[in-house]
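Trainee: Before we discuss this model, could you show it to me, so that we can go through it by question and answer?

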Amino acid sequence: MLALTRKVGERIVIGDNIVVTVVSIKGDNIRMSIEAPKEIKIYRGEIFDAIAAENKQAAVPSDISEWDMLKGWKINKK
């Protein structure tokens, strides 16, 4: 992990096309702007963690015994 100290107006450049700028500091809050290509997804940490947890939950195999209810279904092909 890289830990940096920045002042208002100072930037951090990531790769060739991502720029993070410190916009303001008020108490414990830091406001940053991020310039990046549109194809780069940017999430707040807690949102990213929630998405990852939801994806992990969706990938858990379901109980196959629940599929028994599908046995009686008929599919009409037109």
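Trainee: In what order do the strands of the open sheet stand?
Mentor: The model is a predicted one, in which local features need pLDDT of at least 70 and side-chain atom pairs count only at pLDDT 80 or more, while totals for chains, interfaces and linings use all residues. Residues are numbered from 1 along each chain as its sequence is written, and side-chain values use heavy atoms, with hydrogens and water left out. Strands are DSSP runs of E with at least two residues, helices are runs of H or I with at least four, and both are numbered from the N terminus, while two strands pair if DSSP finds at least two bridges between them. The open sheet has three strands with antiparallel pairing, and their order is β1-β2-β3.

Trainee: Which strands stand at the edges?
Mentor: Two of the strands have a single partner strand each, so one side of each is left without a neighbour in the sheet; these are β1 (11–14) and β3 (29–35).

Trainee: What does the twist average from one strand to the next?
Mentor: Axes are lines fitted to C-alpha atoms, for helices over the stretch in contact, and angles run from 0 to 180 degrees between N-to-C directions. From one strand to the next, the twist averages 25 degrees.

Trainee: How many bridges join β1 to β2?
Mentor: Strands of a sheet pair through backbone hydrogen bonds, either parallel or antiparallel. Here V13 stands opposite V19 in β2, and R11 stands opposite T21 in β2. In the hairpin of β1 and β2, with three residues between the strands, G15 takes a positive phi near 60 degrees. The two strands run antiparallel, and the bridges that join them number four.

Trainee: Is T21 buried or exposed?
Mentor: T21 is found in strand β2 (residues 18–26). Leaving aside neighbours within four places in sequence, T21 is in contact (heavy atoms within 4.5 Å) with G9, E10, R11, R31, M32 and S33. Buried means under 20% relative accessible area, exposed over 50% and partly exposed in between, with a 1.4 Å probe and protein chains only. Because T21 has 14% relative accessibility, T21 counts as buried.

Trainee: Which residues make the nonpolar surface patch of about 400 Å²?
Mentor: Patches are made of residues with over 30% relative accessible area and no salt bridge, where like charges are joined within 9 Å and nonpolar side chains (Val, Leu, Ile, Met, Phe, Trp, Tyr) within 5 Å. Accessible areas come from the Shrake-Rupley method with a 1.4 Å probe, and for residues only the protein chains shown count as cover. M32 lies in strand β3 and is exposed, with a relative accessible area of 52%. The patch is made by M32, V8, I25 and I30.

Trainee: How many salt bridges does the count come to?
Mentor: A salt bridge is a side-chain nitrogen of Lys or Arg within 4 Å of a carboxyl oxygen of Asp or Glu. The side chains of E10 and R6 meet in this way at 3.6 Å, N to O, with E10 partly exposed at 28% relative accessibility and R6 partly exposed at 33%. The side chains of R44 and E46 meet in a salt bridge at 2.7 Å, N to O, and R44 counts as exposed at 55%. By this rule the count is two.

Trainee: What share of the residues of the protein counts as buried?
Mentor: From the N terminus on, the elements run β-β-β-α, and the protein exposes about 7900 Å², of which carbon and sulfur atoms supply 56%. Of the 78 residues of the protein, the share that counts as buried is 8%.
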